[in-house]
Amino acid sequence: VNFGDQLVSPDEKTRRVGHVFSSVARRYDLMNDLMSGGLHRRWKDRFVARVKPRAGEHILDMAGGTGDVAFRMAERGAHVTVADINSDMLAVGMERAEQRGLKGLAWKQENAEGLTFEDSSFDAYTIAFGIRNVTDIPAALKEAHRVLRRGGRFFCLEFSTSDWPGFADIYDRYSSKLIPRIGKVVTRDEESYRYLVESIRRFPKSEKFRRMIADSGFERTSAEPILGGLVCIHSGWRI
Ligand code: SAM
């Protein structure tokens with residue numbers, strides 16, 4: 001499998017992705033603001049507006065990291081379980097929740113490829129900027145389907161490729177040159193940001209990814225592009 005532009009074994013990829021997020025966890029939120037000029041906040045707002053969390057619903061925020069998406073959903077009264085493979089990211093998330101006085105969140109270390117939750121446990125499953133880091137994506141999508149109840153909704157926010165003429169090129173140059181440099185200054189870890197940029201470049205285009213979601217058993221799948229598809233909101237239903 002690919003880890004950035006290198007070929008490694010699946011276990012090695014999972015190990016290296018773990019290293020990336022442990023290394024950046026403390027500076028992760030600051031880096032998101034710097035790299036996206038604050039835009040990631042708007043993308044997450046828009047994503048949660050699509051999810052439409054209702055009070056009392058049970059939502060699994062997979063690869064939830066430091067809690068950005070989970071907090072937005074909990075503020076609307078949903079019971080959110082934040083699950084992530086990386087305990088360092090979860091630790092930062094728990095601290096942030098405490099600072100904000102947010103209650104009603106559950107935190108759990110989980111690998112998206114093999115969840116410990118029972119079948120039909122959740123009303124909705126969300127994964128934001130997480131799926132491209134997962135080693136076995138089809139396995140994670142099958143697990144998402146399994147833990148959703150019938151009528152449950154699946155939502156994924158992820159980078160893709162913009163169709164806007166010129167914009168994709170500008171972004172490509174920005175991301176390959178500037179992001180690792182910002183990463184170097186802020187986290188002293190240029191390599192991790194090289195991986196993150198490369199993983200965005202290698203992630204399947206939105207139509208291909210939509211088909212992967214459909215192949216995992218989801219119905220009425222759709223892809224909503226943002227900035228011409230630079231970022232995309234995927235959704236599907238377990239019927
Ligand atoms: N959802 C958060 C957000 O939007 O700010 C965090 C996104 S962060 C770019 C990606 C997260 O995916 C990291 O916290 C990482 O630990 C997690 N991750 C990577 N592989 C995973 C896996 N196999 N299972 C669960 N989480 C995983």
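Q: Which residues surround the ligand, and which are the closest?
A: A residue counts as near a molecule if its C-beta atom, placed from the backbone, lies within 6 Å of it. In this predicted model, 19 residues surround the ligand, and A63, G65, I85, N86 and A112 are the closest. The model is predicted, with local features needing pLDDT of at least 70 and side-chain atom pairs counting only at pLDDT 80 or more, while totals for chains, interfaces and linings use all residues. Residues are numbered from 1 along each chain as its sequence is written.

Q: Which helices each supply at least two residues of the shell around the ligand?
A: Helices (H or I, at least four residues) and strands (E, at least two) are DSSP runs, numbered from the N terminus. Here α1 (10-24) and α4 (68-74) each supply at least two shell residues. The protein chain has 9 helices and 9 strands in total.

Q: How is the shell around the ligand made up by class?
A: Ala, Val, Leu, Ile, Met, Phe, Trp, Tyr, Cys and Pro count as nonpolar, Asp, Glu, Lys and Arg as charged, and the others, Gly among them, as polar. The shell has 10 nonpolar, 6 polar and 3 charged residues.

Q: Which residues does the UniProt annotation "binding site" cover?
A: UniProt positions are given in the numbering used here, feature names are shortened, and annotations may be inferred rather than shown by experiment. The record, an unreviewed entry, places the "binding site" annotation on T66, D84, N111 and A112.

Q: Is T66 buried or exposed?
A: A residue is buried if 20 or more other C-beta atoms lie within 10 Å of its own, exposed if 12 or fewer, and partly exposed in between, with C-beta atoms placed from the backbone. T66 is buried because 25 other C-beta atoms lie within 10 Å. T66 sits in the loop between β3 (58-62) and α4.

Q: With which residues is T66 in contact, leaving aside its neighbours within four places in sequence?
A: Two residues are in contact if their C-beta atoms, placed from the backbone, lie within 7 Å. With those neighbours left aside, T66 contacts Y28, D29, M89, V92, G93 and R96.

Q: Where does D84 lie?
A: D84 belongs to strand β4 (residues 79-84). D84 is buried, since 24 other C-beta atoms lie within 10 Å. Beyond its neighbours within four places in sequence, the contacts of D84 are A63, G64, G65, M89, L90 and Q109.

Q: Which residues touch the most other members of the largest nonpolar core?
A: A nonpolar core is a set of buried Ala, Val, Leu, Ile, Met, Phe, Trp, Tyr and Cys residues joined through C-beta atoms within 7 Å. The largest core has 62 residues, and F47, A70, M73, V80, Y125 and L157 touch the most other members. Strand β7 (residues 148-159) gives the largest share of this core, 6 residues.

Q: What is the phi of R220?
A: R220 has a positive phi of about 45 degrees and is not a glycine. R220 is in strand β8 (residues 219-226) and is exposed, because 10 other C-beta atoms lie within 10 Å. L227, also not a glycine, has a positive phi near 50 degrees. L227 is in the loop between β8 and β9 (231-237).
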